[in-house]
Structure formats: C-alpha cells, structure tokens
Amino acid sequence: MRALVVDPDAAASVRLTEVAEPRPRPDQALVAVRHIGLNYGELVFASRWPTGSVHGHDAAGVVVEQAADGTGPAAGTPVAIGLAAHTWAERVAVDLTRLAAVPEGVDLVDAAALGVAGVTALRVLRTRSVLQRRVLVTGASGGVGRFALQLAAIAGAHVTASVGSAERGVDLPKLGADEVVVGVEGLEDPFDLVLDTVGGPQLAAVWSLLAAGGTVHVVGHASGEPTAFDTGALFAFGEPRSITTYGDVTSPVDADLADLLALLAAGKMSAQVDLRGSWEDTTDAVTALKSRRVKGKGVLDVTGG
C-alpha cells in the first residue's frame, strides 16, 4: 500500500511511497483512509519524527475490519481518526480510543479536519466555565483558532479574535467572534481565559490582559520567537493568574471526537476546511500551510493507487 512518509529532504517534508500493510492488534480496527487532515506543527517539525516513518495524526475513512476482540465500530462504519500515530496511509490500524463513528450527514472531509485542532480547542474550553466570561483567542484564523471561536461562542462567552492581518479576520464574526483585532495592542478589558497559538512577545502582552484568576493556555508557538516577561508583571494582588501548557496526546480522544462530530451533525459548528487537494501532490498544500495562507484546515484526499 502507499503512504506519506517523513522525508526531511522533500519540499513537502513528506513523500508518497510504498510501505508494508498494517497488522492490527486485537484491540485495533483496520480503517481504509479516504481523507487526511493536515496540521501545521506536524509538517513544520516533521524532522523530529524518524525518516521513513508513516506520518500524520488525523484522518477519516471506513472500517474494513472490526477489532478482533469484537469491540469498537463494525466493518463498514465511517469513522474519524484523531491524535493517532501513522495515519497518512491507505490503510491504518487504529486504537479504538483514537476514533469515533461519523454520524449521518457529516462529510468525511469535515471529519478528517477535527482531530488535533478540534480536540485541542475543545479541551481548553472545558477547563472552566466561560458563560458570560471574556475569552481571547490569538491566531484565531488558523485551525485551532476557528474551532475555539465556535466552541467559546456556543458556551456563551464574549469572544475576541486576534489575527495577524485584517484580511485574515474578515469572516470570523460569522463563527462567533464578538470583536476581531489585529494583534493585541489597544485591548484593555481583562480576559478570563486566553487560548494562545502565537507565543513570542505577544504572549507577554497577553499576560498583562489577564483578569485575576484568569488563565492563558499556550497551545502553539506560531511566531517562533522567545517570550520575555518583565519581573514586575508577574506580581499582582488578588486571585492568582496562571499560564498553562497544553499538549496531551496520551489520553483517549474518542469521546471528544464524538462530541465534535455531534456538533457538526447538528449544524452548530463548521469544520472550516479551506484547502482541499490530493495526496498525490502535497507540495502546494504544505507550502500554503507553512506560509500561513490557509484560513482554517487543510484536507487531502487519498487518491490513486
């Protein structure tokens, strides 16, 4: 079968080649992959994975063999795969904790987009009640940002979207943003929760905007720049403020995927797929993603073979 494997020398960081067929454990389902979901980090940092290994974490397809132990979705069930290992292949053996059945009415293309970005946004928004609270999402035009905007709005928050340019934020009010700003300069009212995907000097600026008892969740580092905090900025009276990291790839995601799929099925959320193509030619898609030209998610179809 064919798969996209890590190749640091390739323009797209991955190349399409022949690999061995997967051998599912008794507690794994065998899935025929129809679409793969791209994530910025897994491509920019592809060299951190072994050269020649099947890459990717998100996909969607159809179960061709139910887990041998009789658990999980039956053969023929369409499924979304998220935060799994080595998913960019024609067939993949998947832990049952890394997939969820796709409900009727949800396109597999949209299901493939959920994984890393959707689960990250969902878990951050679940760390505290945001009903009638102020939430700031930085890098809001990206994959995680667009899911976070929608989920925060559904939860009843007042949502501010920070973007890198006015053009990238034009459509964000439709997703639930109450206000859209370029950067964070000029913001004054404090925020109870911040989902930050940018890092760098902007993260230090965001810290000064945090309300007493508020939290900044660092889920990305798109700026690639270091963050320096003024010592005095770390001292304040009142309920403690906090910065926390988020990068849990070990706990089960099947229930989270199911919740996100239910929101798609109910029409309460959009997968925001902005780029679609074939895995036969990944270079243009990956270049667009790395250069931040994609507003939302990129999904490639598993074609040919």
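**Exercise 1.** Determine which parts of the chain are linked by the salt bridge between Asp 301 and Arg 276.

*Solution.* Step 1: the side chains of Asp 301 and Arg 276 form a salt bridge, with N and O 2.7 Å apart; a salt bridge is a side-chain nitrogen of Lys or Arg within 4 Å of a carboxyl oxygen of Asp or Glu. Step 2: Asp 301 belongs to strand β15 (residues 297–301) and Arg 276 to strand β14 (residues 273–278), so the pair ties together parts that are 25 residues apart in sequence. Helices (H or I, at least four residues) and strands (E, at least two) are DSSP runs, numbered from the N terminus. Step 3: with a relative accessibility of 16%, Asp 301 counts as buried; buried means under 20% relative accessible area, exposed over 50%, and partly exposed in between (1.4 Å probe, protein chains only).

The model is predicted: local features need pLDDT of at least 70, side-chain atom pairs count only at pLDDT 80 or more, and totals for chains, interfaces and linings use all residues. Residues are numbered from 1 along each chain as its sequence is written, and side-chain values use heavy atoms, leaving out hydrogens and water.

**Exercise 2.** Describe the salt bridge between Arg 146 and Asp 171.

*Solution.* Step 1: the N to O distance of this pair is 2.9 Å. Step 2: Arg 146 lies in helix α4 (residues 143–154), and Asp 171 in the loop between β9 (158–163) and β10 (179–182), so the bridge ties together parts that are 25 residues apart in sequence. Step 3: Arg 146 is buried at 1% relative accessibility, whereas Asp 171 is partly exposed at 25%.

**Exercise 3.** Locate the salt bridge of Asp 256 with Arg 123.

*Solution.* Step 1: the closest N and O atoms of the two residues are 2.7 Å apart. Step 2: Asp 256 is in helix α6 (residues 254–265) and Arg 123 in helix α3 (residues 115–125), so parts 133 residues apart in sequence are tied together. Step 3: both Asp 256 and Arg 123 are buried.
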